[in-house]
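Let's take a walk through this structure together, from a strand pair to a helix and then to a pair of rings.

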Amino acid sequence: MICGICGKNQATSHFTSIVNGNYKELWLCPECAKNKGIGIGNLFTHTATDFSSFLGSFFGDGLPSRTSATRCKSCGSSFADIARSGKVGCADCYTNFYDELLPSIQKIHGNIRHTGKIASCANPQLKAEKELEKIKTELDNAVKEQNFELAAKLRDKIKEMEGGKDNG
């Protein structure tokens, strides 16, 4: 693979990023990586490019209105600690600092709601909601494609599913 910056040398480093669903990859030769300040030594030891600092940058410059005195009862972390380190102290921090973390999580992942697979042992109501959401998306696509026969079937299925929720 040829370097994505100079276009001359053989690339030895591969970097990928996925931000808001946009996948980007970059191949760099050692020289261009060094010029960009990207290298194994810099990546893991230099404080400016430390992964924790990188994640901490998603929390923004200004901290929210809560003071650093508000701490997680489980691990003792404050939001200022989380913003500085880029690491959440424990699972309870997500609950304790929900309002502050939400914008950052959305920035990092592009979504605040899980959109992946559902475990087979998941709550039946959650499975039904996910199925309904999937059918509504299919309905939107059928209408866009002007496949009105399929759209009518999907509409009827949605009405049936939503009607079942009211009765159950």
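Strands β1 and β2 make a hairpin with two residues between them, and Asn 20 in the turn has a positive phi of about 55°. This is a predicted model, in which local features need pLDDT of at least 70 and side-chain atom pairs pLDDT 80 or more, while totals for chains, interfaces and linings use all residues. Residues are numbered from 1 along each chain as its sequence is written, and side-chain values use heavy atoms, leaving out hydrogens and water.

The two strands, β1 (residues 13-19) and β2 (residues 22-28), run antiparallel and are joined by seven bridges; strands count as paired if DSSP finds at least two bridges between them. Ser 13 stands opposite Leu 28 in β2. Strands here are DSSP runs of E with at least two residues, and helices are runs of H or I with at least four, numbered from the N terminus.

Next comes helix α7 (residues 124-144), where Leu 132, Ile 135, Leu 139 and Ala 142 are buried (under 20% relative accessible area, with a 1.4 Å probe and protein chains only). Seen down the axis, the buried residues fall within an arc of 80°, so they line one face of α7; the arc is taken from the directions from the helix axis to the C-beta atoms. Just after α7, Gln 146 takes a positive phi of about 60°.

Finally, look for the one aromatic pair. Phe 79 and Phe 97 are tilted, at 6.2 Å centre to centre and 45° between the planes (centres within 6.5 Å make a pair; planes under 30 degrees apart are stacked, over 60 edge-to-face, the rest tilted). Phe 79 lies in helix α4 and Phe 97 in the loop between α5 and α6, so the pair ties together parts 18 residues apart in sequence. Phe 79 is buried at 5% relative accessible area, and Phe 97 is buried at 0%.

Terms used: Rings of Phe, Tyr and Trp (its six-membered ring) pair if their centres lie within 6.5 Å; planes under 30 degrees apart count as stacked, over 60 as edge-to-face and the rest as tilted. Buried means under 20% relative accessible area, exposed over 50%, partly exposed in between (1.4 Å probe, protein chains only).
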